[in-house]
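Student: Could you take me through a structure feature by feature, giving the general idea before the particular case?

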Amino acid sequence: MGLKRDVSLSTALRYKGQGPFLTFILHRIGGLGMAIFITVHILATFVEKQGWAIGDFINDIYMSPPFQIFILFCVLFHAINGLRITILDLFPTRLIQYHRQAIAIEWVIFIILFSFAAVSAVTTAIGRL
Amino acid sequence: MNAKPRTLPLSKRGMSFETFMWAFTRATALGMYGFILFGVVGALAMGAQHSMTFVEVLRWALVSNPGHVEYTNLPDITPFASMFWRLVASGMFLTAGSHGIHGVIVVLDDYLPKDNQRNWNRYLNMAMFFVVAAAGLYIIWTA
């Protein structure tokens, strides 16, 4: 019988996972969030073009600031974390040893960009009122 | 303490399907960064700086579909609806779609222990990809 290695998210974050595990989980959450959003958005736009009101209703939800902030989080985190992974993978022998420093830089870039994008989403929504 | 790199060069690892998809994921990610940058530069070149907010420019850059600039203050969206930008949008959409569907399959594989379940994971996700790709291309080319 194999070892049982399933642990809860909180246990994984407290144990050795920590920063790298958090980015791993957020990368997956961001990726799945985008996959679900884009699939539903495309299908909603398609049925909206056929004259079905349900498509318009779903796309109106997507235009709301809370949803835009959620999707901005998914897109920006997935894109910035993906860029870090790609850069480290391109030069593994030189850069893998600095992966924790790379994660720290990633968080600084993400927080600056996400804050700017979230404020822009809110001010754009206020401007539409 | 510096961790010792545990990676093997490609010559020792060999080119399997897994290695190919590993490279494909990174290549499509780099391709998407290129598409987004190209979309931002294109929007600014076509006069977005006085007629679009940052959010609207980003929305256009993510997929340069003319429907994404419909509700902006642009006086004329004709340059945004050219065949060239529809081709760029199609390229970005298919690149993102193939990257995304591979990612979904990889994530779900981690929670499906049986081979039979993993096979169905592939069949269903590939079928969904073709349906969504057809709907997406229809939207881009008829917007």
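Predicted model: local features only at pLDDT ≥ 70, side-chain atom pairs only at ≥ 80, totals over all residues.

Student: What percentage of the residues of chain A count as buried?

Tutor: Buried means under 20% relative accessible area, exposed over 50%, and partly exposed in between, using a 1.4 Å probe and protein chains only. Of the 129 residues of chain A, 36% count as buried.

Student: Which side chain is joined to A:E106 by a polar contact?

Tutor: A polar contact is a pair of N or O atoms within 3.5 Å; within protein, one must be able to donate a hydrogen and the other to accept it, and residues adjacent in sequence count only if both atoms are side-chain atoms. A:E106, which lies in helix α6 (residues 99-128) of chain A, is joined through its side chain to that of A:R84 by a polar contact of 2.6 Å. A:E106 counts as buried because its relative accessibility is 3%.

Student: Which residue of chain B makes a polar contact with the side chain of A:R28?

Tutor: The partner is B:D110, whose side chain is joined to that of A:R28 by a polar contact of 2.6 Å. A:R28 belongs to helix α2 (residues 18-49) of chain A, and with a relative accessible area of 15% A:R28 is buried.

Student: How many aromatic pairs does a search of the whole structure find?

Tutor: Rings of Phe, Tyr and Trp (its six-membered ring) pair if their centres lie within 6.5 Å; planes under 30 degrees apart count as stacked, over 60 as edge-to-face and the rest as tilted. The search finds 20 aromatic pairs over all chains. One of them is formed by A:F73 and A:F77, a stacked pair at 6.1 Å centre to centre with 10 degrees between the planes. These two residues are separated by about one helical turn, because A:F73 and A:F77 are 4 residues apart in helix α4 (residues 65-90) of chain A.

Student: What is the angle at which α4(B) and α5(B) pack?

Tutor: Axes are lines fitted to C-alpha atoms, for helices over the stretch in contact, and angles run from 0 to 180 degrees between N-to-C directions. Helix α4 (residues 83-109) and helix α5 (residues 115-142) of chain B pack at about 165 degrees, with their axes 10 Å apart. α4(B) is therefore roughly antiparallel to α5(B), given that angles under 35 degrees count as roughly parallel, over 145 as roughly antiparallel, 65 to 115 as roughly perpendicular and the rest as oblique. The residues of this contact divide into 16 nonpolar, 7 polar and 4 charged, where Ala, Val, Leu, Ile, Met, Phe, Trp, Tyr, Cys and Pro count as nonpolar, Asp, Glu, Lys and Arg as charged, and the others, Gly among them, as polar.

Student: How do α2(A) and α4(B) pack across the two chains?

Tutor: They pack at an angle of about 125 degrees, with their axes 10 Å apart, and α2(A) and α4(B) are therefore oblique to each other.

Methods: Residues numbered from 1 in each chain as written. Chains lettered and ligands numbered in written order. Heavy atoms only, no water.
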